[in-house]
Amino acid sequence: MTIKHHIPDALLLDYASGRLSEPFALVVATHVSMCDECRARFEAHEIAGGALIEADEGAELSENLLDSVMARLDEAVEDTPVYNRSGIFPAPVMEALKGRPPKWKPLGRGVRQQILRRNESGSVRLLYIPPGLDVPDHTHGGLELTLVLQGAFSDEGGRFGVGDLELADANVEHQPVAEKGDPCICLAATDAALKFNSFVPKLLQPIFRI
Amino acid sequence: MGDHEVEQGTSGLKNYSEETRLMLAVRDDRDKRAFAKLFAHFGPRLKGVAMRGGLSSGQAEDVVQDVMLTIWRKAHMFDPSRAQVSSWIYQIARNRQVDVLRKENRPLPEALKAPSEDAEDDAGQVLALDQEVTALKAALAKLKPAQREMVEKAYLGELSHTDIEAETGLPLGTIKSRIRLGLEKLRHELDGIRKS
């Protein structure tokens, strides 16, 4: 697996500092799980963040804070579930799936999806595109992040194989085409509803909740 | 803490930073005195940065408690050849702030394999990272106040870019390029030190 399309540094810093909303953070966390280069850059940002904490003048703590923390050291704690990678799905995706395989919903023409998270700041989904199929030409209201987990697709931005991340902003109109071979499975986050440019998909948008 | 490195018998340990040694004592010996020292060091700083990140004094102290308890409970995950105590604290603290301010979970990358058991083998890596971080801190200290402020906002500031814009009245593009300039300067400083 040779990853060619990485996370731009500004986006990685937004993730490291906690600014990215959950749908985008899930895509970035998944790419970092697959890409040692981006993991190194991510951890470097965390080290810089840590160095800044070290350099902080600090604020005075309430007198009893240390005692109340020390008193809780021996408390029994419930184990939080730990999710592991399963097949093509890295741990962050398995966590979003709560450890279960995806429940695909058909979108027509063999395309399937499962929405993983949706909130007022955007949504993130798994997309399944049959080999050789084109996804309807679309633009979107804001940022769109697409990470390939299986297969590959190509569009105006180039070829995207396993681990590659495509970042498209509102100005990009693109028509991804899945490569022949394995079905293309992607993790995709958008911060506004996708707007399809052809007539019929636009009508169907509210139905499919894209 | 004083004779901990003797107990460990690991040659490189005495050269580790104070925080790394304390954290290893927490990880390997469940040493509560070492934990209290880490608390004394990081607690006030954590509160300071949490308040700068937009939390009230009370909320910031809740974050301090949660972060320090997480450090204690997940100490087995600490790997000094890849992370500083402070960078690990940074990650946990930002997660807690995201949770407090946005009621959101921040997904984290898949964990790499457990820390290596081979302390001798890792000692060189730990020291190399310590040195790199010392260089980074020196580079941070050399920034002009305005650049320093931008870098601090990028890492420790409120949890949205729009807030930065409102605070300074600068357009977002300018903010972002200034953050990049600050980072670039950091990187160049580091390169210069590495080459010398």
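Q: Are H3(A) and H5(B) roughly parallel or roughly perpendicular to each other?
A: Two packed helices are described by the angle between their axes and the distance between the axes. In this predicted model, the axes of H3(A) and H5(B), residues 85–102 of chain B, come within 7 Å and cross at roughly 100°. The two helices are therefore roughly perpendicular (65 to 115 degrees). Axes are lines fitted to C-alpha atoms, for helices over the stretch in contact, with angles from 0 to 180 degrees between N-to-C directions. Helices (H or I, at least four residues) and strands (E, at least two) are DSSP runs, numbered from the N terminus.

Q: Which residues make the contact of H3(A) with H5(B)?
A: Two residues are in contact if their C-beta atoms, placed from the backbone, lie within 7 Å. Among those of H3(A) are Glu46(A), Ile47(A) and Gly50(A), while H5(B) contributes residues including Ile89(B) and Tyr90(B).

Q: How many residues of chain A are in contact with chain B?
A: Contacts join 43 residues of chain A to 50 residues of chain B. H3(A) gives the most to that side of chain A, with 11 residues.

Q: In what order do the strands of the open sheet lie?
A: Strands pair if DSSP finds at least two bridges between them. Chain A has six strands in the order S1-S2-S3-S10-S5-S8, with antiparallel pairing. S1 (105–108) and S8 (165–168) stand at the edges with a single partner strand each, so one side of each lacks a neighbour in the sheet.

Conventions: Residues numbered from 1 in each chain as written. Chains lettered and ligands numbered in written order. Predicted model: local features only at pLDDT ≥ 70, side-chain atom pairs only at ≥ 80, totals over all residues. Parallel < 35°, antiparallel > 145°, perpendicular 65-115°, else oblique.
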